[in-house]
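Work through the exercises below with the model open. Try each task before reading its solution.

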Amino acid sequence: MKTLIAIPLLLATFTAQAACPVKRPAAQPLLPDGEAATTQEIQQARKAAESYRLQVETYLGCGVMNRRQHYRLLTQLEMFMENYNRELTEFQGQETLVAEK
């Protein structure tokens, strides 16, 4: 009886994974140092961060992870976006100092 229940659950898991339009993002993009970055590097970082965020959010929406895995990936995304925002703020502060000279 347990085998009969386990087989549909296993098939449902494979179906959910197959229906997910993206793979789990493997690695976070590298972020430039905001104090030393050029405008081009910050623009590239913005595009990479946005792409990563969309991939993670899409993957989270697939529901292929258990609660613990979901929370861990969500936490990693939040930490990454905080780091991106910090580097962006440092970059904007750098531009303000150059403009004041």
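**Exercise 1. Surface and fold**

Solution. The protein chain exposes about 7700 Å². Carbon and sulfur atoms supply 57% of that area. Accessible areas come from the Shrake-Rupley method with a 1.4 Å probe, and for residues only the protein chains shown count as cover.

This is a predicted model, in which local features need pLDDT of at least 70, side-chain atom pairs count only at pLDDT 80 or more, and totals for chains, interfaces and linings use all residues. Residues are numbered from 1 along each chain as its sequence is written, and side-chain values use heavy atoms, with hydrogens and water left out.

Next, the secondary structure. The protein chain has three helices and zero strands. Helices (H or I, at least four residues) and strands (E, at least two) are DSSP runs, numbered from the N terminus. Along the sequence the pattern reads α-α-α.

Then burial. The protein chain has 101 residues, and 21% of them count as buried. Buried means under 20% relative accessible area, exposed over 50%, and partly exposed in between (1.4 Å probe, protein chains only).

Last, contact range. Take contacts between residues at least 6 apart in sequence: 76% of them join residues at least 24 apart. Contact means heavy atoms within 4.5 Å.

**Exercise 2. Helix 2**

Find the span of helix 2 from its first C-alpha to its last, and list its buried residues.

Solution. Helix 2 has 24 residues. Its span is 35 Å, close to the 34 Å expected at 1.5 Å a residue. The expected span is 1.5 Å times one less than the number of residues.

The buried residues of helix 2 are I42, A45, A49, Y52, V56, Y59 and L60. An α-helix has 3.6 residues a turn, so residues three or four places apart point the same way.

After helix 2 comes G63, with a positive phi near 70 degrees.

**Exercise 3. The nonpolar core**

Which residues of the largest nonpolar core touch the most other members?

Solution. A nonpolar core is a set of buried Ala, Val, Leu, Ile, Met, Phe, Trp, Tyr and Cys residues joined through side-chain atoms within 4.5 Å. The largest one has 14 residues, and V56, Y59, M65 and L73 touch the most other members. Helix 2 (39–62) and helix 3 (67–100) each supply at least two residues of this core. Helix 2 gives the most, with six residues.

Now trace two of these residues. M65 sits in the loop between helix 2 and helix 3. M65 is buried, at a relative accessible area of 15%. Not counting residues up to four places away in sequence, M65 touches R24, Y59, L60, H70 and L73. L73, leaving aside its neighbours within four places, is in contact with R24, V56, Y59, L60 and M65.

**Exercise 4. The aromatic pair**

Is the pair of Y52 and F80 stacked, tilted or edge-to-face?

Solution. Rings of Phe, Tyr and Trp (its six-membered ring) pair if their centres lie within 6.5 Å; planes under 30 degrees apart count as stacked, over 60 as edge-to-face and the rest as tilted. By this rule the count is one aromatic pair. The ring centres of Y52 and F80 are 5.0 Å apart and the planes lie at 70 degrees, so the pair is edge-to-face. Y52 lies in helix 2 and F80 in helix 3, so the pair ties together parts 28 residues apart in sequence. Y52 is buried at 5% relative accessible area, and F80 is buried at 2%.

**Exercise 5. A loop residue**

Where is A37, and which residues does A37 contact?

Solution. A37 is in the loop between helix 1 and helix 2. A37 is buried, with a relative accessible area of 4%. Leaving aside neighbours within four places in sequence, A37 is in contact with P32, I42, F91 and Q94.
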